[in-house]
Structures are given as C-alpha cells and as structure tokens.
Amino acid sequence: MEPSNLNEEQDQNSWALNAWTLLSKLRDQSPLIQCITNFVSMDLMANTLLSAGASPAMIHSIEEIQDFTPHIHALCINVGTLSPAWLPAMREAALVANKAGKPWILDPVAAGASRFRLKACLELVGLNPSVIRGNGSEIIALSKASLGATKGVDSSHESMDAMEAAKSLAQSSGAIVAVSGAVDIITDGHRVVGAHNGVSMMQKITATGCAVTALIAAFIAVDPMHALEATASALSIFGIAGEMGMDMAKGPASLRMHLIDSLYNLDQAAVSSRLKKNELLSSCVDSELLPGMVCPPSIPRGKGMLSSLSATIVHKELIKFMENIR
Ligand SMILES: Nc1ncnc2c1ncn2[C@@H]1O[C@H](COP(=O)(O)OP(=O)(O)OP(=O)(O)O)[C@@H](O)[C@H]1O
Ligand SMILES: Cc1ncsc1CCO
Ligand SMILES: [Mg+2]
C-alpha cells in the first residue's frame, strides 16, 4: 500500500474510533439536552436523541429557564417557527447556559427568509454558541448577514457552495460551523473537515437537519473540549444511520422509521466500515501555502474556487507537479 493511502486509512480509522467512542459515552452518560425548537421538529428531534441514548427535554418557557437550564448538559436553539414571544426565552437560555458553562448549538433555520429572522439569528450568534449548524443557504445568509440566499427552510445551495461562508462565519463568531448536505462540512475557520455519509432521501424528511443539530448537541455534551471532532462525529453517525435505514426503506416515511431504528442499533462494526471523512482543502490560495510550497495548476485557485480535494490528493498533485517541473 502507498504511504499516502496508508495515512488516509489510518486517518479514517481514527475518526471512526473517535465517533464510536463518543457514541458509546453518550449511551453511557445519557446527557440531558434542552431543546427550544420549532413545532415541526419536536417529535423527530426528541426521538433522534432518545435512540442515540440522550435524554431530550423540549422545555422552552422563559419562566422555567433559571431553574432548569443550569442542570442540562447541552442546549439546542432552533428558530424554525420563530415568533417574537419565543425570542426572549432563547436569549435567556443561551445566557444561562453560558453562565453555567454548558455548550449550546444554534440552528438558524431559514436565516435569510426575513429581516426579523435574520436579525434574531445574528443576535443569537452574538451570544457565543459553541456550534452553528445549518444548510448551505442558511450559512451563506448568516455569514453575509443578508436576505435572499434562501427560498425557505430548504437549501438552494450545495454545502460546498457555502465553504468560504462557513469559514468566515466560524472566524467571526468563534463557533464551530457545520453545513449539512451531500458532504457535511465542519470548520473552525481554519481546519475544514468533510463528512461524506448519508443519503439524499434524508432531505425528503422534514426536520432531519433539526434532528442532526440536536444530535450534535448530545455529542458536544459528552466532549465539550473537542467541539469540531464531536460535531463531525455526530454528522457521520447520523449519516451512517441514514444509509443503513435506506437499505430497508421504501420512501421518506419508512426511512424516518428505519433511520431511528438504525441509530438505536448502531454498532462499532458498522461505524468502522461505513464512516467516510477527510480534511478538505477549499482552494489553493498562494498566501496560505506553507513556505516552499507551490500551487499546482490542477488545483482550483483563489478564494471562492471550491473543491473537495483532500489534503492527500493535493499532496499527490503537488508531488506530480514538482516532478514535471524538475
Ligand atoms: N444530498 C445528500 N446526500 C446525503 N445526505 C444528505 C444530502 N443532503 C442532506 N443530507 C443529510 O440530511 C440531513 C439533513 O440535512 P439538510 O441539509 O437537508 O438539513 P436542513 O435543510 O436543515 O433540514 P431541515 O430544515 O428539514 O431540518 C443531514 O444529516 C445531511 O447530512
Ligand atoms: C418545514 C419547517 N418550517 C419551519 S421549521 C420547519 C422544519 C424544517 O426545518
Ligand atoms: Mg434546517
């Protein structure tokens, strides 16, 4: 086996082991996850958390936050069916979670659909979420702080289209930013990881995005010091459950059922054999190359030129290029 393939295989194995370790911890510890979420997603979100081993609580009244939120292990805030009455509770819960040192995640559903929603999402971003998870259109709207990138709750962008927006949002907010899609992208603003599990039919079940955001909350509850790895692991685990569910499903409704069953029954063998993850390189920007490196012509150049080339492929391309110019 070539050394680069060996490295890639070792990398996959360590991601898979980490994802499995976190899922096992989650099952052992059963973290309490407070969800302030939309009316559409409450059921799927709670069932996803339960089947993964966590303990969901859909508690959103502002009157309960001071008593309840200090005792949770992580908080999930989702603005899907936002109305002005809900916003103070979201704000308060985020502040109490921060004060109690509990991680929290924001799902900026349809962030670019209205000024009210965008302003609310930007305000919540300012309250230091550990993670922000959205689809491509939502992350672009949030990163540019502008309306119109979205037609509603569904994405009109590929996740890859949002890579630079995700990096920039992560840098400006200090949060880990995750963009769901055919390839889930996870970034801290510098490192970019791609998680490749899942099936496209998952988009045909409402609130799968909301559910995976809640699952990320459960993963960061058990490993708050490694939010990027925990986020990537949750996305991979949910994607693997989707793939296994799809083997038994006839359409979206039965996929919903089989996905939950697969998540509940997931074992280490399935995680090890199915998990697909790598480091992504968004583009080849001369100023970002290490001293002595050059950008080969076969790699897209400049910011905004997006590709899903793994660091290993780039490395191989660099070697080929250097050999040719010698
Ligand atoms: N083309 C695809 N192929 C594989 N998996 C996908 C694809 N698109 C989405 N997914 C997976 O489906 C799940 C939901 O992602 P999606 O981007 O649809 O979220 P969303 O738009 O926020 O959904 P919702 O608002 O309905 O909750 C994620 O786990 C994601 O990885
Ligand atoms: C369909 C829908 N509308 C508001 S929230 C929601 C669930 C998916 O985000
Ligand atoms: Mg969504």
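Predicted model: local features only at pLDDT ≥ 70, side-chain atom pairs only at ≥ 80, totals over all residues.

Biologist: Which residues are the closest to ligand 1?
Modeller: Asn135, Ser180, Asp184, Gly209 and Cys210 are the closest, out of 18 residues that surround ligand 1.

Biologist: And how far is the polar side-chain atom of Ser180 from an oxygen atom of ligand 1?
Modeller: That distance comes out at 2.7 Å. Arg133 also reaches ligand 1 through its side chain, with an N or O atom 3.0 Å from a ligand oxygen. Ala207 uses its backbone instead: an N or O atom there lies 3.0 Å from an oxygen atom of ligand 1.

Biologist: How much of ligand 1 does the protein cover?
Modeller: On its own, ligand 1 has 630 Å² of accessible area, and the protein covers 91% of that.

Biologist: Which elements give two or more residues to that shell?
Modeller: Strand S5, residues 131–135, and helix H8, residues 208–222. H8 provides the largest share, with three residues.

Biologist: Where does ligand 1 sit?
Modeller: In the largest pocket. The space taken by ligand 2 is the largest pocket too.

Biologist: OK, ligand 2 then. Which residues are around it?
Modeller: Around ligand 2 you find Asn38, Val40, Gly80, Thr81, Val109, Val153, Thr206, Ala207 and Cys210. Ligand 2 exposes 290 Å² when taken alone, and 76% of that is buried by the protein.

Biologist: What's the breakdown by class around ligand 2?
Modeller: Five nonpolar and four polar, with no charged residues in the shell around ligand 2. The ligand 1 shell, in contrast, has two charged residues.

Biologist: Changing topic: how many salt bridges does a search of the whole structure find?
Modeller: Six. One to look at is Arg91 with Glu123, where the closest N and O atoms are 2.4 Å apart.

Terms used. Residues numbered from 1 in each chain as written. Chains lettered and ligands numbered in written order. Heavy atoms only, no water. Near = heavy atom within 4 Å. Polar contact = N/O pair within 3.5 Å; in protein donor to acceptor, adjacent residues only side chain to side chain. Areas by Shrake-Rupley, 256 points an atom, 1.4 Å probe, with all protein chains shown as cover. 1 Å grid on protein atoms, 1.4 Å probe; cavity = no way out; pocket = protein on both sides within 12 Å on 5 of 7 lines; lining within 4 Å. Sits in = over half its atoms within 2 Å of the grid points. Helix = DSSP H or I, 4+ residues; strand = E, 2+ residues; numbered from the N terminus. Nonpolar A, V, L, I, M, F, W, Y, C, P; charged D, E, K, R; others polar. Salt bridge = Lys/Arg side-chain N within 4 Å of Asp/Glu carboxyl O.
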